[in-house]
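Subject: Structure handover

Hello,

Here is the structure I promised to pass on. Please have it open while you read; my notes follow below.

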Amino acid sequence: MLIELLKDLVSIDSSSKEGANEAVEYCAEWLNKQGLTVNVIVNNGYKMLVSEIGSGEKTVIWNGHVDVVSGTPDQFFPEIHEGKLYGRGAADMKAGIAGMMCAFSELKDRDLGLKIQLQIVSDEEIGGLNCSGYLAKHGYRGDFVICAEPTHLGIGLQAKGALHLDIEVSGKSAHGSRPWEGVNAIEKAYDLYQKIKELPFTRENSPLYTSPSLNLAKIKGGDVYNKVPDACLLSLDIRYLPTQTMEEIIAQIESVTGNNIHIHMYSKPVKTEENDPFITLLRPIIEKNTNQEAIIFGQHGSADTVFFAAYDIPAIEFGPKGENWHGDRECVSLESVAVYQQMLVDFASEFVLS
């Protein structure tokens with residue numbers, strides 16, 4: 001059942017809104033056939049589903065996305081070779097979705113000591129605001145969240161915050177043949193970038209990270225060859241540590257650039273702690289099913305965990321073993337998907353005893 005479900009999901013080209021909505025509808029129909037009640041929600045044209053089983057004071061959310069990045073037509077014809085299933089979205093993250101759905105169905109008639117809320121969404125690859133962001137905002141929250149991103153069966157405990165900035169830099173125009181009479185805004189912008197690279201926040205670290213990251217993403221200035229540019233826009237992508245704050249980073253950057261900074265986008269980091277009770281419960285389950293020590297790490301990027309972490313809900317990325325997601329030969333280890341399903345079942349079952 002697990003492999004057939006995964007093959008069906010990969011066969012759906014969900015790289016568009018329409019395709020992702022189709023995949024949500026498929027998941028809803030599959031869950032209905034297993035005797036589960038499903039609530040399909042639409043926001044801004046994006047579909048998502050929510051289903052819940054169990055009872056108790058605590059709620060664990062299993063969250064996954066069926067939307068994928070674009071792929072070639074052949075990538076939506078899944079193929080199995082040497083224990084791996086190849087296809088667009090196999091790793092990111094339809095394998096995790098399939099594991100969650102099968103575990104959810106397996107648990108539906110059991111006497112659980114907690115509630116499990118399954119959320120399947122359709123817009124994570126474009127930011128997640130329409131689905132997981134909407135769900136979190138409208139009260140579909142719990143005590144712990146697992147997002148089924150491909151983590152090689154390790155625990156993506158934390159994630160860096162994201163800060164996208166535009167910095168306006170002014171210069172003085174002059175004739176291109178007499179650049180000494182002007183102030184080149186592009187050169188000035190690049191000098192500012194070099195200063196930002198040396199600010200104290202760039203040298204900080206935390207238990208899971210050696211440093212934040214700073215990417216010079218875009219630079220825009222000048223319009224003709226024979227004129228010294230008098231304006232330049234510098235765009236930065238900063239991924240900051242869970243121990244840092246956006247406000248302190250902005251203050252440091254303003255100390256060398258002035259207050260001509262515009263925040264394009266930011267998201268808070270995920271700060272789940274290693275001693276969280278749900279992590280304490282999950283670690284031995286991973287070790288029992290993999291026969292090795294549970295790997296705990298910090299993600300440099302972010303996932304839909306950020307929407308729940310914004311409400312101080314501990315959230316992790318936890319999913320099967322995959323390779324080359326967003327790449328040409330994306331694949332997932334089928335053995336790891338089966339192990340993942342079993343670990344989710346064990347996690348829900350062990351909660352009664354904890």
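Glutamate 106 is partly exposed, because its relative accessibility is 34%, between the 20% and 50% limits. Keep in mind that this is a predicted model. The partner of glutamate 106 is arginine 110. Their side chains meet in a salt bridge, at 3.4 Å from N to O. Arginine 110 is partly exposed too, since its relative accessibility comes to 40%.

**Salt bridges**

How many salt bridges does the structure hold? The count is 12. Two further examples are worth a look.

One of them joins glutamate 4 and lysine 7. Their closest N and O atoms are 3.9 Å apart. The cut-off for a salt bridge is 4 Å, so this pair falls within the limit. Where do the two residues sit? Both belong to helix 1, which covers residues 2–11. They are 3 residues apart there, so about one helical turn separates them. Glutamate 4 has 45% relative accessibility and therefore counts as partly exposed. Lysine 7 has 26% and therefore also counts as partly exposed.

Another one links arginine 283 to glutamate 274. Here the closest N and O atoms are 2.8 Å apart. Arginine 283 counts as partly exposed because its relative accessibility is 22%, and the buried class ends under 20%. Glutamate 274 is partly exposed as well, at 38%.

Strand 9 spans residues 161–170. It pairs with strand 12 in the antiparallel sense, over 6 bridges.

**Pockets**

Strand 12 turns up again here. The largest pocket has a volume of about 810 Å³. Its lining is made of 30 residues. Glu124, Gly301, Ser302, Ala303 and Asp304 lie nearest its centre. Strand 12, strand 14 (296–299) and helix 8 (305–309) are the elements that give two or more residues to this lining. Which element gives the largest share? Strand 12 does, with 3 residues. By class, the lining of the largest pocket has 12 nonpolar, 10 polar and 8 charged residues.

The second largest pocket holds about 320 Å³ of space. It is lined by 16 residues. Nearest its centre lie Lys268, Pro269, Lys271, Ala309 and Asp312. This lining divides into 9 nonpolar, 3 polar and 4 charged residues.

**One cavity**

The count of cavities of 30 Å³ or more comes to 1. About 50 Å³ of space lies in the largest cavity. Which residues line it? They are His152, Leu153, Gly154, Ile286, Thr290, Gln292, Glu293, Ala294, Ile295 and Lys321. By class, they divide into 4 nonpolar, 4 polar and 2 charged.

Over to you.

Best wishes

Key. Residues numbered from 1 in each chain as written. Predicted model: local features only at pLDDT ≥ 70, side-chain atom pairs only at ≥ 80, totals over all residues. Heavy atoms only, no water. Pairing = 2+ DSSP bridges. Helix = DSSP H or I, 4+ residues; strand = E, 2+ residues; numbered from the N terminus. Buried < 20%, exposed > 50% of the residue type's maximum accessible area, 1.4 Å probe, protein only. 1 Å grid on protein atoms, 1.4 Å probe; cavity = no way out; pocket = protein on both sides within 12 Å on 5 of 7 lines; lining within 4 Å. Points joined across faces, edges and corners; volume = space filled by probe spheres on them. Nonpolar A, V, L, I, M, F, W, Y, C, P; charged D, E, K, R; others polar.
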